[in-house]
Amino acid sequence: MRKTSLAATTLLLGALAVAPSTASAAPAALREVLLVGNAYGGTVSFVDERTFEVLGTLDVIPDLQQRLDEMNLVERAAYEVVRSQNGDKLVDDMAVSPDGRVMYVSRSNLPDVVAIDLVTHQQVWRYKLEGYHADHMAISPDGSRIIVSDTTVNKAQVINAATGREVAEFPTGAYPHANDYSPDGTRLYNSSIGAISLPQWMEWAKGAKRLTVVDPNTFRVTRTYEFDHGVRPAVFTPDNRTMYAQLSYLNGLVEYDLVAGRIVRTVNLPFSEEGRATHPDDYPGNSAHHGIAMSGDGTKLCVAGTIDDYAAILSRPALTTNQIVPVGDIPYWAQSSFDGRYCYVTLSGDDEMVVLSYATGAVVARVPVGDFPQRERNAKLAPEAIAALP
């Protein structure tokens with residue numbers, strides 16, 4: 001009996017000694033942040049989603065001169081053409097790895113995708129696109145694949161997130177734009193906007209304006225939907241039956257039946273005085289409105305009224321307009337917060353981001369960011385990545 005008691009005591013003391021070490025080894029919680037891509041500045045701002053404080057800003061083009069020097073004559077000529085049409089846009093889209101330590105950035109005009117270690121700030125890999133402009137990205141739910149629109153060659157390319165090597169590609173419409181996973185991750189949507197350098201009266205000549213549906217496992221196209229106008233930002237319902245999308249030149253949005261393949265409703269939102277005075281050929285990239293998000297409970301939509309300098313909050317499914325909120329110069333993207341309570345809208349002309357409440361439509365914060373902010377993405381960062389931010 002005494003031997004058993006001593007053995008049990010020894011085991012108990014050993015467990016107590018190990019317990020603190022085990023607890024301290026548990027991974028620290030990731031922090032919810034909003035990534036804001038500053039297109040002209042070539043930087044990404046990191047905004048705390050609880051306090052709306054800018055935690056830091058990272059330069060993602062430290063190798064800009066090197067990349068320009070490496071271009072041959074054809075590449076440099078293409079760079080200058082894209083630059084003349086697109087502006088000096090050097091950041092388009094961003095995503096972060098599941099462990100919160102690596103950020104992927106599509107660098108619009110360079111054109112490439114890079115992986116950046118958020119602790120050391122060193123470039124892990126660089127993937128140069130086949131064409132001359134890198135556009136929107138998506139990261140697979142498991143973080144293993146990066147999908148990027150290669151706009152000038154009418155395809156999307158799929159990159160292994162660990163190695164930076166292409167593993168697949170799929171055809172799209174003309175000038176592919178957004179890549180979006182369905183809420184359940186079973187579908188990948190790519191939307192194309194056509195050749196935006198042509199004037200409105202040549203809409204017919206801009207190429208196929210299409211929503212392409214892709215199997216996210218095989219990257220084979222399973223269905224396509226054709227549109228008369230370019231498909232701009234969109235959100236999808238969890239049942240995979242409905243898409244709410246903005247279209248080129250439309251001052252509003254459409255509700256699209258993904259089963260029947262048709263527009264069910266068109267919502268025309270009001271023009272502001274400035275928006276009404278703007279000629280369609282002067283719309284940014286052909287888009288009257290560019291940016292749409294859905295609240296966490298699915299009852300509200302948040303719309304960025306790009307030429308109108310407002311944000312609109314709509315109720316669904318009725319699609320009635322709750323609030324029209326003047327926010328500032330060139331609202332260019334909309335993204336919901338992690339908790340679904342707020343809508344973040346970038347103001348490209350004001351170099352800031354505005355935070356709106358879905359419940360009231362009120363502006364709850366204004367956050368200065370970088371030069372010409374556009375894309376916003378939710379992400380979770382490791383504590384060591386937060387600590388290393390400039």
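Ala, Val, Leu, Ile, Met, Phe, Trp, Tyr, Cys and Pro are counted here as nonpolar, Asp, Glu, Lys and Arg as charged, and the others, Gly among them, as polar. The model is predicted, so to speak of a local feature takes a pLDDT of at least 70, side-chain atom pairs count only at pLDDT 80 or more, and totals for chains, interfaces and linings use all residues. Residues are numbered from 1 along each chain as its sequence is written, and side-chain values use heavy atoms, with hydrogens and water left out.

Let us begin with the empty space. Rolling a probe the size of a water molecule over the atoms shows where such space is left. On a 1 Å grid over the protein atoms alone, a cavity is a set of points where a 1.4 Å probe fits but cannot get out, a pocket is an open set with protein on both sides within 12 Å along at least five of seven lines, and lining residues have an atom within 4 Å of a point. Grid points are joined across faces, edges and corners, and a volume is the space filled by probe spheres set on the points.

Now to the pockets. The largest has a volume of about 1400 Å³. Of its 42 lining residues, Asp180, Tyr181, Gln335, Arg377 and Asn378 lie nearest the centre. Strands (DSSP runs of E, at least two residues) and helices (H or I, at least four) are numbered from the N terminus. Among the elements that each supply at least two residues to this lining are β4 (93-96), β16, β24 (331-336) and β28 (373-381). By class, the lining has 24 nonpolar, 13 polar and five charged residues. The second largest pocket holds about 570 Å³ and is lined by 32 residues, with Gln85, Asn86, Tyr175, Ile196 and Gly285 nearest its centre. Helix α3 (73-86) and β28 each give two or more residues to this lining, and α3 gives the most, with three.

Next, have a look at strand β17 (residues 242-247).

Two strands pair if DSSP finds at least two bridges between them. Strand β16 (residues 231-236) runs antiparallel to β17, joined by four bridges, and Val235 stands opposite Tyr244. Five residues separate the strands of this hairpin, and Asn240 in the turn has a positive phi of about 60 degrees. Strand β18 (residues 252-257) also pairs with β17 in the antiparallel sense over four bridges, with Ala245 opposite Val254. In that hairpin Tyr249 takes a positive phi near 75 degrees. Tyr249 is also in contact (heavy atoms within 4.5 Å) with Pro280.

Finally, there is one disulfide (cysteine sulfur atoms within 2.5 Å). Cys302 and Cys343 form it, with their sulfur atoms 2.1 Å apart. The pair links β21 (residues 300-305) to β25 (residues 342-347), with Cys302 and Cys343 lying 41 residues apart. The S-S torsion is about -80 degrees, so the disulfide is left-handed. Cys302 is buried at a relative accessible area of 0%, and Cys343 is buried at 0% too.

How values were computed:
Buried < 20%, exposed > 50% of the residue type's maximum accessible area, 1.4 Å probe, protein only. Lists of a residue's contacts leave out its neighbours within four places in sequence.
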